[in-house]
Amino acid sequence: MRYLSTRGEAAQLAFDDVLLAGLATDGGLYAPFAYPHVAPKDIAALAGVPYADAAARLIAPFLTEEASRAALPAQTAAAYTSFRHRAIAPLTQIADNLFVLELFHGPTLAFKDLAMQLLGRMMNDVLEKRNLRATIVGATSGDTGAAAIEAFRGLPRVDVFILYPHGRVSDVQRRQMTTVADENVHTIALQGTFDDAQNILKRLFRNQTFRERVCLAGVNSINWARVVAQMVYYFTSGVALGAPHRHVSFAVPTGNFGDVLAGYIAKHMGLPIERLIVATNANDILARALATGRYEPRGVTQTQSPSMDIQLSSNFERLFFDACARDHAAVRAAFASLDQSGAFEIPAPALSAIRAEFDAMSVGEAETTDEIARSWRDAGYVLDPHTATGVRAARARLAQDPATPVIALSTAHPAKFPEAIERAIGHRPRLPDALAAKLEGPERFTVLENDEARVAAFISERARAAAA
Ligand SMILES: Cc1ncc(COP(=O)(O)O)c(C=O)c1O
Ligand SMILES: N[C@@H](CCOP(=O)(O)O)C(=O)O
């Protein structure tokens, strides 16, 4: 398997190079030349298989080098040992044909751990094989940062710099990042939004001198390996509900579009998915884009689901690339228009292709609170506010099609957002003891203005790869 950039002007790479490259040099995102097909009998054979083994089977066709394929089962076996639930990603039913896929049993209580724990191991092995160091720079609206820090802290070949929007993540999310004492971890509280942080990150990737000087690598979902690792739980949960013999739909709380894109990849690999339902909070660019055909970011609104306070959804570019029949020029033109005039029109055939597979729904603040209260009242189940948007969208889908089960992805543990939960149900959920103890330490972070040059200088001064 080889990879090409959505914008068509960067070198074509093998998987291990894509893993280290992050963003393509032309500003595009890497995608495989084709999605590997999983035959119905091989989907059926995943029933009862431990999660780590299913991951190894499903991810292997995306790897290019034989040696990396041989190393994969050991990497997946190690990746999920720190999870608190034996099933890794268990399903719980909360209403007729409505299931919650719990993706928060990893060390940082969010779905990011499922990919990041594996990515950390894969990246470390490639760096060792090549005798390289890397500087990982990540942008986070709250969860990617903690998961990346947990996966890479203390590794001798890696320094991690995480940019988070100052004052716009929950206290638990911030403490998960800032109380980590390892010297290779650096947290930057950026005076801006997540979109500002991600813009700086993308500009750093396009600055070839900086990129080479610090051996820049990325662990956001611009990194293809993240998306591939997230594809696995669509298969395991679909199979648990009867795939390949039965169709299911998925409702996915969405911000940067990585998680729902992983569902799209699973579908194109052969998993019978009826609908992919994009649930957003008040930051509704994706719902508006699907309704109107115009992709047009507005200012970011702060909500009780802060990890989804995103307007510029990176991975939409990968979907757009496919929807435009992989026409690089159309992708370049659209994203040039976004840079220059702040919007682009989705061509009619591409919009039809997207609408054929996706629904989208924006869920407001009052509805989110109402959904947390309802699921608690009716099913005794506490949803985190991100998951609540997905469950609300799942209920809307079930009202139209009650016969097809909907799996709502539960992307975070409710204890990460105690105020939102207390507002809805009158009490705060408990943090798992091991995590609560970890968050007690002193906090360490640097506040930086929203300025690429300041951030680049901060990283250059501290990155050991730059000094080597
Ligand atoms: C808890 C939570 N839910 C949902 C999302 C949205 O996921 P994605 O950015 O992959 O669309 C995020 C952030 O990524 C998150 O942290
Ligand atoms: N919600 C995310 C934003 C970054 O998303 P990613 O999937 O591209 O890493 C977060 O919590 O940081």
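Predicted model: local features only at pLDDT ≥ 70, side-chain atom pairs only at ≥ 80, totals over all residues.

Modeller: Start at ligand 1. It has 17 residues around it, and Asp143, Asn256, Gly258, Ser307 and Thr411 come nearest.

Colleague: Why is Lys112 called buried?

Modeller: The cut-off is 20 or more other C-beta atoms within 10 Å. Lys112 has 33, so Lys112 is buried.

Colleague: Where is Lys112 found, and which residues does Lys112 touch, leaving out those up to four places away in sequence?

Modeller: Lys112 belongs to helix α5, residues 112–130. Lys112 touches Asp143, Thr144 and Ala147. An unreviewed UniProt entry annotates Lys112 as "modified residue: N6-(pyridoxal phosphate)lysine". That label comes from the record, and such annotations may be inferred rather than shown by experiment.

Colleague: Now helix α18. How do you know that its buried residues line one face?

Modeller: The buried residues of α18, residues 418–425, are Ala420, Ile421 and Ala424. Seen down the helix axis, they fall within an arc of 95 degrees, so they line one face.

Colleague: What do those buried residues pack against, and which exposed residues does the face turned away carry?

Modeller: The buried residues pack against α16 (365–379) and α17 (385–400). The face turned away carries Glu419 and Glu422, both exposed.

Colleague: What comes just after α18?

Modeller: Gly426, with a positive phi of about 85 degrees.

Methods
Residues numbered from 1 in each chain as written. Chains lettered and ligands numbered in written order. Near = placed C-beta within 6 Å. Helix = DSSP H or I, 4+ residues; strand = E, 2+ residues; numbered from the N terminus. Buried ≥ 20, exposed ≤ 12 C-beta atoms within 10 Å, placed from the backbone. Contact = placed C-beta atoms within 7 Å. Arc of directions from axis to C-beta.
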